[in-house]
Amino acid sequence: MGRFLLMDTWAGQAANWTWNNGQDVARIGFGTFDVILGGSMIWTGAGTLPGIGLIAIGLDQIATGSMNIRYGRVGQGFSVLEFGVYSATGNESAAILAPGVLSLGFGSAGSFGRLGVRAGFTTVDFAGTIPDVGTRLYGVGGQLYGAERLGTLGRYLARRGVTLELGAEVELAGYAGAFKAHCNGTARLLLRSDPTTELVWHELSHFVHWRRIGSDAYRRLPRIGGNHVPEQFVFDLLQRPGRWDRLSPLYRFHMVEHIEDLGGIGR
Amino acid sequence: MTEADAIQRGNAFVLKNRGVVGEPEYVQLVKRDGQRRYWSLVYGAALFFPEEIAAGDSIDGCEYMVRVDDQSGDVSLFAFTG
């Protein structure tokens, strides 16, 4: 999703890795600079407290950049510091502002400038006790896909004969998403109005399958319990390395239970 | 609880919540480590969107998956995103 791909050569792979991870490499670099600067401030007596603050922020940036690279995130997600504040307070705004406030407090304008990276990031709360089915689906966690990317996705799908419909909660009777393939060769990808990345990827996997084998073959696939080909395809696609790790842990757990209860191929 | 008991409870649950009379198309007894044993009942999309299915369309993501606790008989909906 949005990750840059080059030809499968050594140089291509190196360029591909740099493109995908450059932001986090820079983050680690800034973090290292903060740590060195903070240490220097303490060592020279320029300011112990600001020095400690800079080191803390620097370590936070190093840890965050490393985790983003490790888990294949592209410059998004809570930093370690933000996540700690979020876990402690349950307040997303406080978490997002925390690095900036700390940076200002310790006189590090550089770190404050990185707040912009977080501005478009939104998390989804776990709400397991909410009775409404569509809302309770958020219990599997994840990140909101975002309006801008949904717009891009809608245009992409439209060029391929698929209509993206948001806010389909009513038609789906509470379900969060569905993929409908019509006998005239078109299809509709239905999503609730504020879908998570996990949900979008799930429905897009149906689209990939539909496009790969064609509408007629797709509509004839077995969809009975114990031999549910489309859902097994989605599970296999999402379970691939590099994608599975990017799903929320609860969603992964949910996916396993879903395919087992539904009965994929050979289960 | 027998399979027939579980289906009876599941059908009543579907009727109450979706207003549809129908039978599950897939039933199995599920036992996972650390979890209570339950009957998994899957009601196909054709039960809820009969006209579209009859017209030749396919619908993925609208199965109705119900769980019936094997001991207590409690019925719940296994909701899923798509």
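**Charged pairs between the chains**

Author: Asp261(A) and Arg67(B) meet through their side chains in a salt bridge, with N to O at 3.0 Å (a salt bridge being a side-chain nitrogen of Lys or Arg within 4 Å of a carboxyl oxygen of Asp or Glu). Asp261(A) belongs to helix α11 of chain A and Arg67(B) to strand β4 of chain B, so this pair joins two chains. Helices (H or I, at least four residues) and strands (E, at least two) are DSSP runs, numbered from the N terminus.

The model is a predicted one, in which local features need pLDDT of at least 70 and side-chain atom pairs count only at pLDDT 80 or more, whereas totals for chains, interfaces and linings use all residues. Residues are numbered from 1 along each chain as its sequence is written, chains are lettered from A and ligands numbered from 1 in the order in which they are written, and side-chain values use heavy atoms, with hydrogens and water left out.

Both partners, Asp261(A) and Arg67(B), are buried; that word denotes under 20% relative accessible area, while exposed denotes over 50% and partly exposed the range in between (1.4 Å probe, protein chains only). For Arg67(B), the relative accessible area is 14%.

Arg67(B) also forms a salt bridge with Glu257(A), where the closest N and O atoms are 2.8 Å apart. Here too the pair joins two chains, because Glu257(A) lies in helix α11 (residues 249-262) of chain A and Arg67(B) in strand β4 (residues 64-69) of chain B. Glu257(A) is buried as well, at a relative accessible area of 5%.

Asp261(A), for its part, has a further partner in Arg32(B), the N to O distance of that salt bridge being 3.1 Å. Since Arg32(B) sits in the loop between β1 and β2 of chain B and Asp261(A) in helix α11 of chain A, the pair again joins two chains. Arg32(B) and Asp261(A) are both buried.

These residues belong to a network of salt bridges that links Glu257(A), Glu260(A), Asp261(A), Arg32(B) and Arg67(B). Over all chains, the search of the whole structure finds 12 salt bridges.

Strand β1 (residues 26-30) of chain B runs antiparallel to strand β2 (residues 38-43) of chain B, and five bridges join them; strands pair if DSSP finds at least two bridges between them. Val30(B) stands opposite Tyr38(B) of β2(B). On β1(B), the covered face consists of Tyr26(B), Gln28(B) and Val30(B), and the uncovered face of Val27(B) and Leu29(B).

Among the contacts of chain B with a separation of 6 or more, 46% come from residues 24 or more positions apart, a contact being heavy atoms within 4.5 Å. The accessible surface of chain B is about 3900 Å², with 49% belonging to carbon and sulfur atoms; such areas come from the Shrake-Rupley method with a 1.4 Å probe, and for residues only the protein chains shown count as cover.
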